[in-house]
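Here is a short briefing to read alongside your model. Take a look at the sequence and structure, and then we can walk through the ligand sites together.

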Amino acid sequence: MLIDTPSSAKSLPTDTTNAAPVIVVENISKTFQNGVKALDGVSLSVSRSEVVVVIGPSGSGKSTLLRCLNGLEDVDEGRVVIDSIPLDDTRRHRDAIRQEVGMVFQSFNLFPHLTVLGNVNLAQTLVRGKSRSEATAASMALLTRVGLADRADSYPSQLSGGQQQRVAIARALAMQPTVMLFDEATSALDPEMIGEVLEVMRGLAADGMTMVVVTHEMGFAREAGDRIVFMEHGRIVEEGPTRRFFDSPREERTRLFLGQIL
Amino acid sequence: MLIDTPSSAKSLPTDTTNAAPVIVVENISKTFQNGVKALDGVSLSVSRSEVVVVIGPSGSGKSTLLRCLNGLEDVDEGRVVIDSIPLDDTRRHRDAIRQEVGMVFQSFNLFPHLTVLGNVNLAQTLVRGKSRSEATAASMALLTRVGLADRADSYPSQLSGGQQQRVAIARALAMQPTVMLFDEATSALDPEMIGEVLEVMRGLAADGMTMVVVTHEMGFAREAGDRIVFMEHGRIVEEGPTRRFFDSPREERTRLFLGQIL
Amino acid sequence: MMRTRKRPAVRPLDIAVILALAGLAAYMGWRVEIRLDYDWRWELIGQYLLRRDASGALVPGVLTQGLLTTVRLSVWTMLAATLIGTVMGLARTSTSLFRRLAGQCYVGLVRNTPPLVLMFIFYFFLADQLLNALNVDAAVRAAPLWAQHALALTMAPVNELPGFLSGLMTLAVYEGAYITEHVRAGVQSVERGQFEAAYALGLSPWQRMRHVVMPQALPRIVPPLAGQFISTIKDSAIVSVISIQELTFQGMELMAATYMTFEIWITVALLYLALTVACSLAARRVELRFRRGLS
Amino acid sequence: MTTVASPQSGHVRRVFDMARLVALGALALWLLALGERGLGYQWQWYRVPQYLVDTRGGTLSAGPLLEGLVVTFGITAASLVLSMTFGLCAALLRLSDSFVARLAARGYVELIRNTPLLIQLFFIYFVIAPVMDISATTSAIIALSLFEGAYASEIIRTGIESVPRGQWEAAHSLGLSPFATHARVILPQALRRILPPLTGVAVSLVKDSALASTIAVYELTQQGQIIIADTFLTFEIWFTVAAVYLAATGSLSWAASAMERRLATGD
Amino acid sequence: GDMARALTEESALTSILKRGSLRVGMDTFVPWAMKDKNGEFIGFEIDVARRLAEDLGVGVEFVPTAWDGIIPALLSGKFDMLIGGMSIRADRAAKVNFSIPYYDTGMAIVAHREVAPSYTKLEDFNHSGVVIVARKGTTAARAAARHMPNATLKLFNKEPQAVQELLNGRAHAFVSMAPLPAQESIKHADKLYLPFSGTFTTEPNGIALRKGDVDTLNFVDSWIRVVRAEGWIQERQHYWFETMDWQDRIQ
Ligand SMILES: Nc1ncnc2c1ncn2[C@@H]1O[C@H](COP(=O)(O)OP(=O)(O)OP(=O)(O)O)[C@@H](O)[C@H]1O
Ligand SMILES: Nc1ncnc2c1ncn2[C@@H]1O[C@H](COP(=O)(O)OP(=O)(O)OP(=O)(O)O)[C@@H](O)[C@H]1O
Ligand SMILES: [Mg+2]
Ligand SMILES: [Mg+2]
């Protein structure tokens, strides 16, 4: 049961270059076909085991930034490097990055036609080429970790939102990613269910997973975030260590935003 | 501009029976065709100008209760009386009650093919039989009140969520209802937009509108609610005046819920 | 599919498809060379489209007359079928079990019977009775001359009118079943919340339909309705079995007389294509208009 | 939408509604009977059974109508498989990123949907078939498959497009290849939206296969027409043929709605 | 008395005279009934119908009707009588009344030069593997089945499709009412030929009427006797069936 849980896997890449940042974003811009400039010269670097929380008003480009990190969107300018692999047009690089980066969506996006176990197994067997039994062993370990081992044979529609989101996290972890991206992972949930998902995310952070988290949950940001990035109009307005950011924001706009949201 | 704003209209029925409750719910039960018992012997009475906030976990029957108050759902047992009119099979009673009760939905449900003004005018001209210009005058007064007079000619799709919800409130007010029902009126909104809708609702409460509000916003409940009703499994677990309810809940279950949500 | 990335303009699939099509065409051409032996007489087709009458004036030829009958029949059918379809479609979404069941029976029966068979049964058993009961034939023959001319222009000449009306009714009943489903789907595609909001505002069922549901359903109904018009044009070919002299009937008559099988079939197919493609284009414009109006 | 009735009165109304439906059916039958009287037709139903089941010579064998039905089913089944293949190919081409492929698929769908099937059938049988040396039955199957395939492709395409974008994105984020994404994630989900309308295609196939009678294929309609020509039992045979078709298409439709209900409630 | 009057009142004859026009049902069949270049009906049956109407002193309306529906159309009164090259047969007479024959025809056969080379008698076609085409619902189909039971019969809705099948070389021979086979063999002399001249059956053709209408039947019978005695029918037969003079009227 202990083979290959992500936490044990995570220690592997550490051998290489622990000091170098895992995510390097250099001056990226992105304009959609409808003319909306969603990202406008954003630069960011994230070190190994760091938890970066991105906040900002609706439409500020938070999701777009996240989606650029695993190639769901292509940048118009600038470059993205994940774990020393540049995200370019090379098929091999793209595939490698998609396996390095796990993503959890606001709307869960579980595969409705597969059981919980099927969801977690799918990529392991198809992409990692594991045997069915190997994959199942790893999946069950992950499901235990998110507290859902007993629901392995349920279908997503039979689960509550919080449970679905935890399965989505397990599914992403099954690829043993170096980096996890969370896009408002709790904002489609009922208040009571938010807690259980945040709990799992806290656990990941404590285990040293590198994470970029878009959230409205300031409690979580304060508690688990190493660094806060505040975006507006596709730009980073302000960033800083969590404590400093919340206690003495430098920008007027940040103060205004925090005032409204807290 | 001052003709017929709901607040001036609201003083009319006061002449009749101010002491008697406006909403009387006696022991109602409701089982859906799929066998789910959404309401299980609920009784409630709401006095004129009282603001009752209904809270409870997902699936506890809050929406169903609200929908029974204006006849969107029919009860299996028990009875509902609004402003002395029994909600029964009589067409005349139902029509009267629908005009007494305004409802604001979580998903706004604005009519997408009509402008903001068209939305607010519709029922006034069709149901109340007002002339177009009379209706427009009243509508503009209401839109001013919710701060949207300048968007009268926009279509709903051109507005932000918070703006849409404020239009929905104006639309419901246009019928000069005695009672307003709010079903999670802010939970489809972005954090920044919640504020503006709650502000309008606070205003209504201050003006003495009788309101039943389902919400997850405990801040609003504390501040504007006269009484809190906590539901679970289709039953009222506990109810009481706001201060007492939050400061010293009597039931273990209530404490648990409040602990998680706050 | 979801990403727009700069890629080479010509993709492998482009080449594969071009090669496959070219290969098929070459093979067909080769087979035609060695097999088909047909004495093409395209030069004779013109007179069936346009011809000179005794006085030398240009008048529509047999096929053009058929085409015009097809158009007249399709337009009237569509009008009648839209009426039937709207009534039955609303019945299918009604709260009354009776109306829902009646609508369901109608659609189920009509859509599961081969149109040819339906045509026969309706034509011989029902349409005539209706026409006789209304005494249409006598009424038309007694009508003033100008009215008869107007009828001949918009429907059919007096002596062919009963047949035309029977065919029209039969086709309308057939197409109506499909329109019923379009109307039903359109009404049901309007979100439940819209019904609820209208109810909560105190609108009557009729007002709800007229002011809230229909304005939203219509943009979703009109495109399939336009598609149904194209189907009607095509389906009108089956009334040739009950001897209404539309395009297919005229084509078959002509073929029986001249034995110019291919020339006539191809001409008839092209005439249909011209008609339906014109309708498709119009339909697309209507659809775009509606879509723009909605957003 | 809202049912405005207490349970008891609801029950009464159900019975009342059913009664009204029966009355409506009776009215329709009465109209038919009236039509029959006006026709002055001599019914000879007793001559019909021999065309369904042949009892001559003491042994039981299928009469021409049942033989025709078997051919009809054969054509339908073959066309169904082929039309699904055409439909899936055209749909995938339509959704591909190749301009030529999209154009070709679009052209195919438009050409087929804008001309009467009868005319396509004749074109294939009298022009293409002699050239390619294929039989009448094969021609019928090809024509029907091409025709229904065009409709199937639209159904499949909208089915695939109806799968939420998030599913593609999730598959992408997990590193699934395009093929795995389609085969394991998208198509299994699209299938539930596609299957019910595709049964409609099967129903159309059964009905449209009647047109094969025009190119001398001995299926149900052709057998019926031959019997009619010989015996002039026009209405008896047409009604029998209609009933046989209705039984076939009706059970297909019923299966379709049963499946739709299963898919709607299942997970 | 009353009964007889009532019958007369209801007879087709009365309604024809009242209406002032005779409605005739037929289906296109070269050269029996077809449209000329101007869209007018011409042909042998058309001449017969016109003469009949003329002798009755009324106008004529043609109701072209697909063969499939021609009997129900007659029965349901879409036209008064069927003058459409219908062979008299006992089983058909169970459904409709036939007049006395106004002319006799027979079935002839035309064969494909390459597919069925130098066949000279009916027996040559009566083998399995031989494909005979004919029109569905005609006595030609029945005659072919009776005289060549071993051959495969392929039936089409109209003659042109059957002929096209033969020209495409997918059948050995085409059976139809004389003189159509002979005319086809002349038109496509390079591909088709007549294995033997003349017909291999003889079939009397009659005018079909609704059952129970004795008056009209009697009128039609009498009229046929008269025009046959005149030799008019024979003269028309010669023009349509033995000459090709009418060819340029249709193309
Ligand atoms: N696929 C797209 N096509 C066109 N415009 C888009 C697309 N996706 C996003 N946008 C636009 O880009 C801008 C940034 O969007 P993004 O989703 O990144 O914002 P966000 O910060 O995540 O907002 P939210 O908090 O509402 O999720 C917005 O104006 C949005 O409307
Ligand atoms: N139309 C319906 N048909 C069947 N079951 C229903 C229907 N509407 C609600 N239910 C069920 O009734 C129960 C109560 O639902 P209700 O919507 O009243 O809960 P709620 O308290 O409003 O929850 P939430 O906070 O999620 O909105 C739930 O179990 C729900 O699944
Ligand atoms: Mg976002
Ligand atoms: Mg609710």
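To follow the residue classes below, note that Ala, Val, Leu, Ile, Met, Phe, Trp, Tyr, Cys and Pro count as nonpolar, Asp, Glu, Lys and Arg as charged, and the others, Gly among them, as polar. With that scheme, the shell around ligand 2 has four nonpolar, seven polar and two charged residues. Please keep in mind that this is a predicted model.

**Ligand 2 and chain B**
- There are 13 residues around ligand 2, and those that come nearest are B:Ser58, B:Gly59, B:Lys62, B:Ser63 and B:Thr64.
- Helix H2 of chain B (residues 62-69) gives the largest share of this shell, with three residues.
- A polar side-chain atom of B:Ser63 sits 2.5 Å from an oxygen atom of ligand 2, and for an N or O atom in the side chain of B:Thr64 the distance to a ligand 2 oxygen is 2.5 Å.
- B:Glu184 has a polar side-chain atom 3.1 Å from an oxygen atom of ligand 2.
- On its own, ligand 2 has 640 Å² of accessible area, and the protein covers 65% of it.

**Ligand 1 and chain A**
- Among the 13 residues around ligand 1, A:Ser58, A:Gly59, A:Lys62, A:Ser63 and A:Thr64 come nearest.
- Polar backbone atoms take part here: one of A:Gly59 is 2.7 Å from an oxygen atom of ligand 1, and one of A:Gly61 is 3.0 Å from a ligand 1 oxygen.
- The protein buries 65% of the 630 Å² that ligand 1 exposes when taken alone.

**Annotation on chain A**
- UniProt, in an unreviewed entry, places the feature "domain: ABC transporter" at residues 23-258 of chain A.
- That stretch, residues 23-258 of chain A, is 39% helix and 25% strand.

How values were computed: Residues are numbered from 1 along each chain as its sequence is written. Chains are lettered from A and ligands numbered from 1 in the order in which they are written. This is a predicted model: local features need pLDDT of at least 70, side-chain atom pairs count only at pLDDT 80 or more; totals for chains, interfaces and linings use all residues. Side-chain values use heavy atoms; hydrogens and water are left out. A residue is near a molecule or strand if one of its heavy atoms lies within 4 Å of it. A polar contact is a pair of N or O atoms within 3.5 Å; within protein, one must be able to donate a hydrogen and the other to accept it, and residues adjacent in sequence count only if both atoms are side-chain atoms. Accessible areas come from the Shrake-Rupley method with a 1.4 Å probe; for residues, only the protein chains shown count as cover. Helices (H or I, at least four residues) and strands (E, at least two) are DSSP runs, numbered from the N terminus. UniProt positions are given in the numbering used here, feature names are shortened, and annotations may be inferred rather than shown by experiment.
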